[in-house]
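Hello,

Here is the structure you were going to look at. Please open it alongside this email and follow the notes below.

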Amino acid sequence: MWEQKPEVHLKGLKKFTEMLKVLKVPVYSVLGNHEGYPCDQFDATGANQHQWVIEGALDAWRDWFTPQMKETFRRNGCYSVVVPGTTLKLIALTPFTMMSSNRYLWGNQTDPLGVVSPAHDP
């Protein structure tokens, strides 16, 4: 488990994304607690230690994300969007910056990357 590598994680993410793309429907993806490594650990201090997973996901999901979604996602791994053809606002939050098992949060368990802020975006 501890011998994980970014390229292995990204390979799986990209493979699963390609499987979803054949459905030809909108997909609103989020990162889970196992995307970073070690599992359940994500640097929420703003030091960008885990920016590789954000950028890898953006690359895989580029066909689904608007420029505004990309900007927000790049900042904190979350985004919001009004689903086209509706008035429904989808708010995609990621759990890794809110988990008590995430050692990066032990010193500051507030909302270090503004994860909840997409709920307030217009």
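In this predicted model, helix H1 (residues 6-21) packs with helix H2 (residues 51-60), their axes 10 Å apart and at an angle of about 25°. An angle under 35 degrees counts as roughly parallel, and H1 and H2 are therefore roughly parallel to each other. The crossing in which H1 passes H2 is right-handed.

You can pick out the residues that meet there. On the H1 side they are Pro6, His9, Leu10, Leu13, Lys14, Thr17 and Lys21. On the H2 side they are Trp52, Val53, Gly56, Ala57, Asp59 and Ala60. Sorted by class, this contact of H1 with H2 holds seven nonpolar, three polar and three charged residues. When you look at the numbering, keep one general point in mind. An α-helix has 3.6 residues a turn, so residues three or four places apart point the same way.

Now stay with H2. Buried here stands for a relative accessible area under 20%. The buried residues of H2 are Gln51, Trp52, Val53, Ile54, Gly56, Ala57, Leu58 and Ala60. What do the buried residues of H2 pack against? They pack against H1 and also against helix H3 (67-76).

The pairing of H2 with H3 can be described in the same terms. The axes of these two helices come within 9 Å and cross at roughly 160°. Angles over 145 degrees count as roughly antiparallel, and H2 and H3 are therefore roughly antiparallel to each other. H2 passes H3 in a right-handed crossing. From H2, the contact is made by Gln51, Ile54, Glu55, Ala57 and Leu58, and from H3 by Lys70, Phe73 and Arg74. By class, the contact of H2 with H3 has four nonpolar residues, one polar and three charged. Ala57 is named in the contact with H1 and again in the contact with H3.

Lys24 lies in the loop between H1 and H2. Its phi is positive, about 55°, although Lys24 is not a glycine. Is Lys24 buried or exposed? Lys24 is exposed, with a relative accessible area of 73%.

The second residue is Val82, in strand S1 (residues 79-82). Val82 is partly exposed, and its relative accessible area is 43%. Which residues does Val82 contact, leaving aside its neighbours within four places in sequence? They are Thr87, Leu88 and Lys89.

Last, some totals for the protein. It has three helices and two strands, and from the N terminus on the elements run α-α-α-β-β. Of the 122 residues, 43% are buried. The accessible surface comes to about 7300 Å², and carbon and sulfur atoms account for 59% of that surface. Taking contacts between residues at least 6 apart in sequence, 59% join residues at least 24 apart.

Regards

Methods
Residues are numbered from 1 along each chain as its sequence is written. This is a predicted model: local features need pLDDT of at least 70, side-chain atom pairs count only at pLDDT 80 or more; totals for chains, interfaces and linings use all residues. Side-chain values use heavy atoms; hydrogens and water are left out. Helices (H or I, at least four residues) and strands (E, at least two) are DSSP runs, numbered from the N terminus. Buried means under 20% relative accessible area, exposed over 50%, partly exposed in between (1.4 Å probe, protein chains only). Contact means heavy atoms within 4.5 Å. Accessible areas come from the Shrake-Rupley method with a 1.4 Å probe; for residues, only the protein chains shown count as cover. Axes are lines fitted to C-alpha atoms, for helices over the stretch in contact, and angles run from 0 to 180 degrees between N-to-C directions. Angles under 35 degrees count as roughly parallel, over 145 as roughly antiparallel, 65 to 115 as roughly perpendicular and the rest as oblique. A crossing is left-handed if the near helix is turned anticlockwise from the far one by less than a right angle, and right-handed if clockwise. Ala, Val, Leu, Ile, Met, Phe, Trp, Tyr, Cys and Pro count as nonpolar, Asp, Glu, Lys and Arg as charged, and the others, Gly among them, as polar.
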